[in-house]
Amino acid sequence: MDNILEVEHLKMYYCGKAETVRAVDDVTFHVVRGETFGIVGESGCGKSTVCKSLVKMMPPPGRIVDGSVRYNGRELTTLSEGQMRAVRGGEIGMIFQDPMTALNPVMRIKDQIYESLRRQKLSKKEMYARGVELLRLVDIPEPEKRMEEYVHQFSGGMRQRVMIAITLAANPKLLIADEPTTALDVTIQDQIIRLIGRLKEELGMSVIIITHDLGVVNEMCDRVVVMYAGHIVEQAETRELFDHPMHPYTRGLIRSLPRAEGREKLEPIPGAPPNLAAEIPGCPFADRCARCTPACREALPPLREVRPGHLSACVRDDLEVSV
Ligand SMILES: Nc1ncnc2c1ncn2[C@@H]1O[C@H](COP(=O)(O)OP(=O)(O)O)[C@@H](O)[C@H]1O
Ligand code: SF4
Ligand SMILES: [Mg+2]
């Protein structure tokens, strides 16, 4: 397999004065070139922290404590900030839940696109033409007019399209999208999901989608990891995960899925993810798990292959149970 990204034993902790939050605790996965890879889990499970650590955008007091991130075989964790900035503005592009955090309110859209194009040494005329082309690519009507406008003149969905256009200006090979549709209403969410899917094909990118919504994973992803309390608890091809969910947490997520076919009522998982500043002995899902036994609290269950190509971290994975 040709992997564009390989992450091994990655640990990123927020090392504050009073406490250490183990937001990403020994995470290993890879992204195959050309695939859409999903990272799913409830809020607070470490998904955004993983995505930030991939590109070394750690908010203080976050730091990579251990592990490696290789992009096309090149180790990123040891790069200087200057080298890393070139990677972020080039081969790896990022889009976020809230486009306003990435867009500049006092700059015209065209000038923000030009910033993203600056490494490409284009003439003013070429940059303008490329800007119009990019806005057209993300389906923004009247791109010539929109180039002159400011972000407050765009609706939520259109802002997300602008952010995608600006990110694409740098010709990324890997696009990391952290909850790109969470802030949008449902019809707009579907449009953005389809747009990202189409752009991935047209531009030949690999994509990492981070989401709390398994429905988004189902629509977009080839493979997926499920994160809980800073750990990966399950990993599989998307179809396999939905057909044979093994970990009780994944089963809970599927049961709470509003769009699940044939399901009449939602069954949210009771409780909430644990505080990651506290020491958690054993399985981090134990307090919420209906199948918990005393053995579950003894040691952290390792990720192991439970079906071909399908990993799960539950001591009771050998027991087949219906979802
Ligand atoms: N800047 C920070 N300082 C300290 N803790 C943080 C910081 N950012 C996030 N965390 C903590 O790290 C954990 C994982 O957060 P996050 O990666 O944002 O999860 P997710 O994206 O899955 O919601 C949470 O417990 C959160 O409170
Ligand atoms: S290890 Fe035990 S507590 Fe954890 S998910 Fe499996 S059955 Fe539940
Ligand atoms: Mg997040």
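How many nonpolar, polar and charged residues does the lining of the largest pocket have, by class? The lining has 10 nonpolar, seven polar and five charged residues, where Ala, Val, Leu, Ile, Met, Phe, Trp, Tyr, Cys and Pro count as nonpolar, Asp, Glu, Lys and Arg as charged, and the others, Gly among them, as polar.

This is a predicted model, in which local features need pLDDT of at least 70 and side-chain atom pairs count only at pLDDT 80 or more, while totals for chains, interfaces and linings use all residues. Residues are numbered from 1 along each chain as its sequence is written, chains are lettered from A and ligands numbered from 1 in the order in which they are written, and side-chain values use heavy atoms, with hydrogens and water left out.

On a 1 Å grid over the protein atoms alone, a cavity is a set of points where a 1.4 Å probe fits but cannot get out, and a pocket is an open set with protein on both sides within 12 Å along at least five of seven lines; lining residues have an atom within 4 Å of a point.

| Largest pocket | About 650 Å³ | R88, G89, A102, S116 and I166 |

Ligand 2 takes the space of the largest cavity, and of the 13 residues around ligand 2 (a heavy atom within 4 Å), C283, C289, C296, C314 and V315 come nearest.

Note on methods: Grid points are joined across faces, edges and corners, and a volume is the space filled by probe spheres set on the points. A molecule sits in a cavity or pocket if more than half of its atoms lie within 2 Å of its grid points.
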